[in-house]
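Reader: Can you walk me through this one? I'm new to it.
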2 protein chains.
Amino acid sequence: MNADVLARLKDAAGPKGFSVDPAEIAPHLEEWRGTWHGHTPLLLKPATTADVSRILSICNETATPIVPQGGNTGLVGGQIPLGGEILLSLARMSRVRRVDKAGANMIVEAGVTLAGAQVAASDAEMYFPLSIASEGSATIGGNLSTNAGGVHVLRYGMARDLVLGLEVVLADGRVLDMLRTLRKDNTGYDLKNLFIGAEGTLGIITAAALKLFPQPAEYATALVAVPDPRAAVDLLAQLQSATGGLLSAYELIARSGLELVLAHIPGAGDPLQAPSPWYVLAEAGGAARFALRQVLEDALAAAMEAGLASDAVVASSEAQRASLWRLRENLSEAQKKEGASLKHDIAVPVAAIPDFVARAIPAVLTAVPGARPVPFGHLGDGNLHFNFSLPKGGDGDAFLAKRAEVARVVHDVVHDFQGSMSAEHGIGVMKRDELLRYKSAAEIGVMRALKRLLDPNDILNPGKVLT
Amino acid sequence: MNADVLARLKDAAGPKGFSVDPAEIAPHLEEWRGTWHGHTPLLLKPATTADVSRILSICNETATPIVPQGGNTGLVGGQIPLGGEILLSLARMSRVRRVDKAGANMIVEAGVTLAGAQVAASDAEMYFPLSIASEGSATIGGNLSTNAGGVHVLRYGMARDLVLGLEVVLADGRVLDMLRTLRKDNTGYDLKNLFIGAEGTLGIITAAALKLFPQPAEYATALVAVPDPRAAVDLLAQLQSATGGLLSAYELIARSGLELVLAHIPGAGDPLQAPSPWYVLAEAGGAARFALRQVLEDALAAAMEAGLASDAVVASSEAQRASLWRLRENLSEAQKKEGASLKHDIAVPVAAIPDFVARAIPAVLTAVPGARPVPFGHLGDGNLHFNFSLPKGGDGDAFLAKRAEVARVVHDVVHDFQGSMSAEHGIGVMKRDELLRYKSAAEIGVMRALKRLLDPNDILNPGKVLT
């Protein structure tokens, strides 16, 4: 890369705003599962929106490619400078600019971690509901650029749904100041949603105005044994009706996954007496006066009478609630300890989950006899982590060599159900080719046209999402 | 307009798909308040998405401008063929394609009325929360093209927030089939939000997948006397906290408005004993088990002790609830009967409402001494109908002649509070110039670029939103 350009970029970022120290840069170059590795001549660490604007102006003028990065927790390679691009870390833009309790919103910069944003909200006795496993490191900028999902989408929506306003720097350095906190504003085209979920390829998100909610005063949490996914779907409708739509989580767990947790996670125990082929972890939250625990218990009793559930435990304390959640949260870790696994981040319409599972599991077993299905995830959103562990006693590398073949099998079934082969994690580089396979030509055409329009010199995270 | 093009368009729409009958066309040419009048050589009435595709192909190829229209209830002229364009009514595309109770969604065509969509939902014992005064005539296509708001935005969001998927015909006739019902789908750029709220200038919405919710089993509704808008804002936070965020409406009413209703609407009565300068109409909905009425009564008792309210009535029956709502719903009608009025559809951050009212009313009274402020509206969203009636005994025409001057005064104050001069109604032709005044050059620049990209021949609702 041109030394003059590098010097100009360092100058634009200021003395504390860059690094060429390999030790400092190294952690930014590797994706945490180790799948993607990058390299860069320069790490930029701007502290202000004006810094980002100057940096992008130079990149655009000199056709210098640049990769934005938040907490480096993405799973599809979107945040890694695979082609030796300039690396732009937003980590120093970490101010909570304002928390407005009366207006139920806050303005935070891109580098604020998700956990930090949650704390800023709770410090004001409000609630920011976005919650994902990596929230300690993941940043708001990355969450919005990838339209993060997580366990509370059922009630509060995706990251996209939590945004009131956005500050974006365009490829040419122009700043789109759309940091409005309005609930209603019909003055022209909706520009902010172009940048949310675009993985840094259309502009750089530098700050956001986010919605806040009242803190749930009380939770009701249950682990429910259900005979099959169909019963789980029917139970969802019944619990939503009973709680007036206050379910904030509705997670499906196969017995195979629970057994991995019981085998590999110290202290984990089966809270129910008899094994069940499937489970649901359901949680509702609301005002203390609503006695949600009793509402949930009564609804579950009715569900058992109707044959939708065989057993259930409703948490009677915060400690018991936490232990139920640990079963769910340790599924990934337990599967990792079991050995090699093939994972798929898919969504289909909620009502199609039973048919999808019934078709996709045999299809995978035909491709890889003996593979062990460990499906779990956000049933309330139609989103499953449709995972498989290697055959008992099988060879891990041989199993992993089937990755592309199995993904094709799974995603073809997903496509038949008008589903998504990337429900939460995005496209990055990992799913670029599949995007072309499953997306209509018309949609791809408009996407490409938008990319050319907003980044004509192809400097913003080039090669990600679209080739 | 070229006779050959007209013939081709008629042919594309089919024998039942067009009209040149002045009597049939006339109601489509006038906006219902009588402000905007149009003319057209041809009314097209396609029945299918394929019809719309063929029609737009011809328009694009021949650079023939076309104006889409739903229920013709818009207030800013967006749906009127002011330049003699072809008129495209989506009214015949009125099928409810599918209601999916388990997945909590439905797919409806653009010509389904909002009331029809509400009924389709309730027939499945589900709830579609969008609600506006014109819902009997307004259509889903128009609701989405204008990103309709209404009284339930506080809890359920704008029309935009209720959309899972969209079917759109592009200017060149290509069909974007994005009718997915997924809650999570991170496969590429979000295209649907480009067309929602674009007032038919970027593409024609032909169908939508909409979110459904559990039906609230019980409502708690109160009319509360509050001393001032500041108390109303503080009370909002307290009621949201008490109900765990279940408020679905929170409307501010000035005494001046209530008095117009009492004077002009037969059967209307003041439900409270002593007059109050301001009122709030608050409503929460949820499961019957939550005893929301008692929750609301207790929260209001606490608010009265704290001086946030001086009196309140909580509806004890559905009839009483309806009579409280009639006071709110008749405000526009009562103001119409009082004579000429100047109206402003504005939003500011919720917490800024008191300061906005305190500054904007004197500013208007300086411009028009004696004008009578009648502010009311969706305080929970920071959205006021910031209206003024003519001075007592004043001349209506002289008052209306001040329209532009007063709008400038109001909107300048709105702008100072980082608000919106079109919270709900959009831009159309009415606010095109103001859009240029208040929107940043960067935003206008991106909007213009998007228009050129998606409609290079400027055939889609030309001259609306942008000039």
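Reader: Which residues have the most contacts inside the largest nonpolar core?
Author: They are A:Y250, A:F356, A:F386, B:Y250 and B:F356, in a core of 114 residues. A nonpolar core is a set of buried Ala, Val, Leu, Ile, Met, Phe, Trp, Tyr and Cys residues joined through side-chain atoms within 4.5 Å. Buried means under 20% relative accessible area, with a 1.4 Å probe and protein chains only; exposed is over 50%, and partly exposed is in between.
Author: This is a predicted model, where local features need pLDDT of at least 70, side-chain atom pairs count only at pLDDT 80 or more, and totals for chains, interfaces and linings use all residues. Residues are numbered from 1 along each chain as its sequence is written, chains are lettered from A and ligands numbered from 1 in the order in which they are written, and side-chain values use heavy atoms, without hydrogens and water.
Reader: What does A:F356 touch, leaving aside neighbours within four places in sequence?
Author: A:I346, A:V348, A:F386, A:V410, A:V413, A:V414 and A:F417. Contact means heavy atoms within 4.5 Å.
Reader: What does the second core include?
Author: That separate core has 100 residues, including A:V168, A:F195, A:I196 and B:L162.
Reader: New topic, helices. How do α17(A) and α17(B) cross?
Author: At roughly 140°, with their axes coming within 11 Å. That angle makes them oblique to each other. The crossing is right-handed.
Reader: Which residues of α17(A) and α17(B) make the contact?
Author: On α17(A), A:V446, A:A449, A:L450, A:L453 and A:L454. On α17(B), B:V446, B:A449, B:L450, B:L453 and B:L454. By class, this contact has 10 nonpolar, no polar and no charged residues.
Reader: And at what angle do α8(B) and α13(B) pack?
Author: About 165°, with axes 8 Å apart; α8 covers residues 229-242 and α13 covers residues 353-367 of chain B. They are therefore roughly antiparallel (over 145 degrees). The contact uses B:P229, B:R230 and B:V233 of α8(B), plus B:I353, B:P354 and B:D355 of α13(B). Its classes are four nonpolar, no polar and two charged residues.
Reader: Last one. Is B:L466 buried or exposed?
Author: B:L466 counts as buried, because its relative accessibility is 8%. B:L466 is in the segment after α17 (441-454) of chain B.
Reader: What does B:L466 touch?
Author: Not counting residues up to four places away in sequence, B:L466 touches A:Y189, B:R432, B:L435, B:M447, B:R448 and B:K451. The C-alpha atoms of B:L466 and B:R432 are separated by 6.1 Å, and these residues are 34 residues apart along the chain.

Methods: Axes are lines fitted to C-alpha atoms, for helices over the stretch in contact, and angles run from 0 to 180 degrees between N-to-C directions. Helices (H or I, at least four residues) and strands (E, at least two) are DSSP runs, numbered from the N terminus. Angles under 35 degrees count as roughly parallel, over 145 as roughly antiparallel, 65 to 115 as roughly perpendicular and the rest as oblique. Ala, Val, Leu, Ile, Met, Phe, Trp, Tyr, Cys and Pro count as nonpolar, Asp, Glu, Lys and Arg as charged, and the others, Gly among them, as polar. A crossing is left-handed if the near helix is turned anticlockwise from the far one by less than a right angle, and right-handed if clockwise.
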